[in-house]
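Look at the sequence and the 3D structure below. The paragraphs after them go through a few features one at a time.

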Amino acid sequence: MKKKFKLQDLDCANCAAKMEDAIKKLPGVNDASVSFLTQKLTLDADDERFEEILDQAVKVCRRVEPDCKILR
């Protein structure tokens, strides 16, 4: 399943790159893209575990950029 999410309060391109790398390493993630320019996360992950993987992605984003939120 592939979905796009709006990001709120993503402050730098370097943080976006760190988030993208960390999310790609999560088990079950096929591909991920974090765009600082458009403030969007594109997540392609296993259908059965999508919500669980998305929750892990939210934790990754908070760890890298505490103010950033993934809007569902």
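Is Cys12 buried, partly exposed or exposed? Cys12 is partly exposed, because its relative accessible area is 26% and the buried class covers values under 20%. Cys15, in contrast, has a relative accessible area of 13% and is buried. The model is a predicted one, and a search through the whole of it finds zero disulfides.

Next come the helices. Two packed helices are described by the angle between their axes and by the distance between those axes. Helix H1 covers residues 13–24, and its axis lies 9 Å from that of H2, at an angle of about 145 degrees. The crossing of H1 past H2 is right-handed. On the H1 side, the contact is made by Cys15, Lys18, Met19, Ala22 and Ile23. On the H2 side, Ala57, Val60, Cys61 and Val64 take part. By type, the residues of this contact are eight nonpolar, no polar and one charged.

Ala13 also belongs to helix H1. From Ala13 to Asp55 the separation is 42 residues in sequence and 22 Å in space, taken from C-alpha to C-alpha.

A pair of aromatic rings is described by the distance of the centres and the angle of the planes. The structure has one aromatic pair. In this pair, the ring centres of Phe5 and Phe50 are 6.4 Å apart and the planes are at 25 degrees, so the pair is stacked; the limit for stacking is under 30 degrees. Phe5 is in strand E1, residues 2–8, while Phe50 is in helix H2, residues 50–64, so the pair ties together parts that are 45 residues apart in sequence.

The loops remain. Which place does Asp9 have? Asp9 is in the loop between E1 and H1. Asp9 is not a glycine, yet its phi is positive, at about 65 degrees. With a relative accessible area of 38%, Asp9 is partly exposed. Gln39 is another residue other than glycine with a positive phi, near 60 degrees. Gln39 is found in the loop that runs between strand E2 (29–35) and strand E3 (40–45). At 16% relative accessibility, Gln39 counts as buried.

Notes. Residues numbered from 1 in each chain as written. Predicted model: local features only at pLDDT ≥ 70, side-chain atom pairs only at ≥ 80, totals over all residues. Heavy atoms only, no water. Phe/Tyr/Trp six-rings, centres within 6.5 Å; stacked < 30°, edge-to-face > 60°. Helix = DSSP H or I, 4+ residues; strand = E, 2+ residues; numbered from the N terminus. Disulfide = S-S within 2.5 Å. Buried < 20%, exposed > 50% of the residue type's maximum accessible area, 1.4 Å probe, protein only. Axes fitted to C-alpha atoms, helices over the stretch in contact; angles between N-to-C directions. Left-handed = near helix turned anticlockwise from the far one by under 90°. Contact = heavy atoms within 4.5 Å. Nonpolar A, V, L, I, M, F, W, Y, C, P; charged D, E, K, R; others polar.
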